[in-house]
Amino acid sequence: MQFVKLLKALADDYPGRYRRPYVTLSYAQSLDGCISARPGEALALSGQESLTLTHRLRASHDAILVGIGTVLSDNPRLNVRLVDGSDPTPVVVDSNLRLPLDCKLLNQDSKSPIVVSRKDADKARKRLLEKAGAKIVQVSPTAKGQVDLVHMLESLASMGIRSLMVEGGARIITSFLNERLANYLVLTIAPVLVGGLRAVSDLGQADPEACLRLTKPRHKWLGEDLVLWGDLTQ
């Protein structure tokens, strides 16, 4: 799709890319806005054509990010398999270094993952993950005890990551939206009703004028899935 090239051009021209990566938020949801039936359970929503698009997007980014919950429930590879292209560097937001040593990210012929934790995470666990091949980046926690995403993005930029694709899960998606850290949205909507875990929870906005908006929106049907994309602005 042409917008993949457009997205790469936007990332290349992003003026703040040396301070923070250009962030694309990309995920699949049901008609009622859900990404799974229950917390901690994987649910395949995308059809084959939209999955192929996801892999094209992965190949166009320097890195791809998920939260530890996604790793624990899905055990993803986060690489490029359905199209020709380079694998992005996997990034896992993992405050307390719970990444399993037997997960696919640590046991595949692909780029080693970057694991972002709080500075006070267990040192013995850090050594084990580093021995298994992970690169550990430790950042200051927020007041709620979570990884500071701004500090994390600055650290990733300092490592040469200029474009970042964020795939999920729900807590990560909501946090990036809440903190206004996503530049672009690619949303796949599957024609099913799930009634489960919603992709986006409370964003703390009651005034429509203060809400995030999709600007310059476009859409395309891929099989039975509807794909929407555009800039995220307030």
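Buried means under 20% relative accessible area, exposed over 50% and partly exposed in between, with a 1.4 Å probe and protein chains only. This is a predicted model, in which local features need pLDDT of at least 70 and side-chain atom pairs count only at pLDDT 80 or more, while totals for chains, interfaces and linings use all residues. Residues are numbered from 1 along each chain as its sequence is written, and side-chain values use heavy atoms, with hydrogens and water left out.

**Figure 1. The whole chain.** Of the 234 residues in the chain, 48% are buried. The chain has six helices and eleven strands (DSSP runs numbered from the N terminus: H or I of at least four residues for helices, E of at least two for strands). Its radius of gyration is 17 Å, close to the 17 Å of the globule rule for 234 residues, so the chain is as compact as a globular protein of that length (taken over C-alpha atoms; the rule is 2.2 Å times the number of residues to the power 0.38). Along the principal axes, the C-alpha atoms fill a box of roughly 45 × 40 × 40 Å. Among contacts with a separation of 6 or more, 70% are between residues 24 or more positions apart (contact means heavy atoms within 4.5 Å).

**Figure 2. The two ends of helix α4.** Helix α4 covers residues 123-131, and at its start a side-chain oxygen of Asp122 comes to within 3.2 Å of the backbone nitrogen of Ala124. After α4 comes Gly133, with a positive phi near 115°.

Figure 3. Val139 belongs to strand β6, residues 135-139. The relative accessible area of Val139 is 0%, so this residue is buried. Beyond neighbours within four places in sequence, Val139 is in contact with Val116, Ser117, Arg118, Lys119, Val147, Asp148, His151, Met152 and Ser155. Val150 is eleven residues from Val139 in sequence, and their C-alpha atoms are 9.6 Å apart.

**Figure 4. Asn183 in a loop.** The loop between α6 (170-178) and β8 (184-189) holds Asn183. With a relative accessible area of 18%, Asn183 is buried. A polar atom of the Asn183 side chain lies 2.8 Å from the backbone nitrogen of Val23. Not counting residues up to four places away in sequence, Asn183 touches Tyr14, Pro21, Tyr22, Val23, Asp231 and Leu232.

Definitions and conventions: A polar contact is a pair of N or O atoms within 3.5 Å; within protein, one must be able to donate a hydrogen and the other to accept it, and residues adjacent in sequence count only if both atoms are side-chain atoms.
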